[in-house]
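Hi,

Here's the structure I said I'd pass on. Have a look, and then read on for what turned up in it.

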Amino acid sequence: MKHARFAALSLSLLAIVAALVVVPWSLRHPLRDSVTGGPAESQAATSKTLSRADQTTVRVAVTSTPQKQIELSIDGPYQLRPVGSDKVLSRGQSLGPSTVTATSSGFKIGKIEHAVTRLEIVATQSPSIWVNGHEYRGNLRLFRRSGGGVLAVNVLPLGEYLASVVDSEMPTSFGAEARKAQAIVARTYALDVVRSDEGDSEFDLFASTSSQKYLGFQYRDGSRRLAGESEASRQVVRDTTGMVCTFQGRLFRTYYSAACGGHTTQGSAVFTDAVAALKSVPCEFCREAKLYRWQADLPKSDVETKLKAYFRSEGKTFDKLQSIKLASGDADRGTDVPEFAVSDGKRTHRISAATLRRQLSVSTLYSPFFSISENGKSSTLHFKGRGHGHAVGLCQWGARGQSLLGKTGYEIVRYYYSGAKIVQLQ
């Protein structure tokens, strides 16, 4: 999303002027018709306990791909069980730093082998499980994958996951209301993914911006330990507990990005599952973002090499790069992602800026909204762009700007998701 980091003003003020409707939580079915409009829309008063929705179990892949080995330690008592079984394979009072690798029949943790291919570490206290320098709440599942890789999946309640997502995605300096908006959007995104039963059967979400950034309870940075969540982020989750976005009575994929650069983009231009609430809206609230505007230069020879490889993978021929020109769209507006006409002098192919960015460098080209120019016989191509990320949905820097102007989290969410409603799930 990736990919997208609390102070005073409470959403309870809005509860005075909005009818409070609490709806039953269901992952498998649309929300009831009664929440599609009118009095069903609500801002909840500050809650001291988490809703049932925030107690939903989520499974987060903390290794984005299977690893040859992972580093594991446990700071308290634990049990090892096969996933889905109460059978205890072994137990311990703690586990010092150990390497986990896959074997032909299961796993090797330190010097001990376990002949199961799906292993769960059940911790007595939480947080206590460390994986690759990050400490996580809840339990950990290990899956042996073909090719000898180990996939690590953190299993924990949604509310505990969100406390880390809020701090991982948006700093406290962005303001309480921006962070409330972030919590509502992140909760909706996660629950919609869980509800959809998409993708891998072993996990729901990635810990990276491929889903939402999730650093865990704390993590090591060299000799330092840094917090992955805080009392402030936990309070944001409590204050918004169970609050989600709906469109036409259903949860939807609430995409968001760091900075839109002045205009969000039409969701359907980027994501095939985008609902109509993901409309393009003007946003001058993110002007203070470092990447509101950016420039980059790439060697023409590198661009040519990568274009050749890409077109070859598409079954197309492409020789020496002669020109690259804007074919459609406007980098300064957000409705559509630009497309470029790329020519080798004999043939011309079209390629979207989003695809071009992925082929060239997502770490150098910060968004798919850019123009390209050549300086005569220069050996480089010059890129001028705006924003950071795909620019669909909530603009995080824009949420900051709106928060500083006194907008509430409720108003911020409604601004970026046109026609969406906010309801509270039990």
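Asn-132 sits in the loop between β10 and β11 (strands are DSSP E runs of at least two residues, helices H or I runs of at least four, all numbered from the N terminus). Its phi is positive, near 50°, and the residue isn't glycine. Asn-132 is partly exposed because its relative accessibility is 36% (under 20% relative accessible area is buried, over 50% exposed, in between partly exposed; 1.4 Å probe, protein chains only).

Before the rest: this is a predicted model, with pLDDT of at least 70 required for local features and 80 or more for side-chain atom pairs, while totals for chains, interfaces and linings use all residues. Numbering starts from 1 along each chain as its sequence is written, and side-chain values use heavy atoms, without hydrogens and water.

Ala-391 also has a positive phi, near 70°. That one is in the loop between β24 (380–386) and β25 (394–395), and it counts as buried because its relative accessible area is 1%.

Then there's a cis peptide bond between Ser-126 and Pro-127, omega about 5°. Pro-127 lies in the loop between β9 (118–123) and β10 (129–131). For context, most peptide bonds are trans, and most residues other than glycine have a negative phi.

Both Ser-126 and Pro-127 are among the contacts of Arg-137, leaving aside its neighbours within four places in sequence (contact: heavy atoms within 4.5 Å). Arg-137 is in the loop between β11 (134–136) and β12 (139–145), and is buried, at 15% relative accessible area.

Cheers
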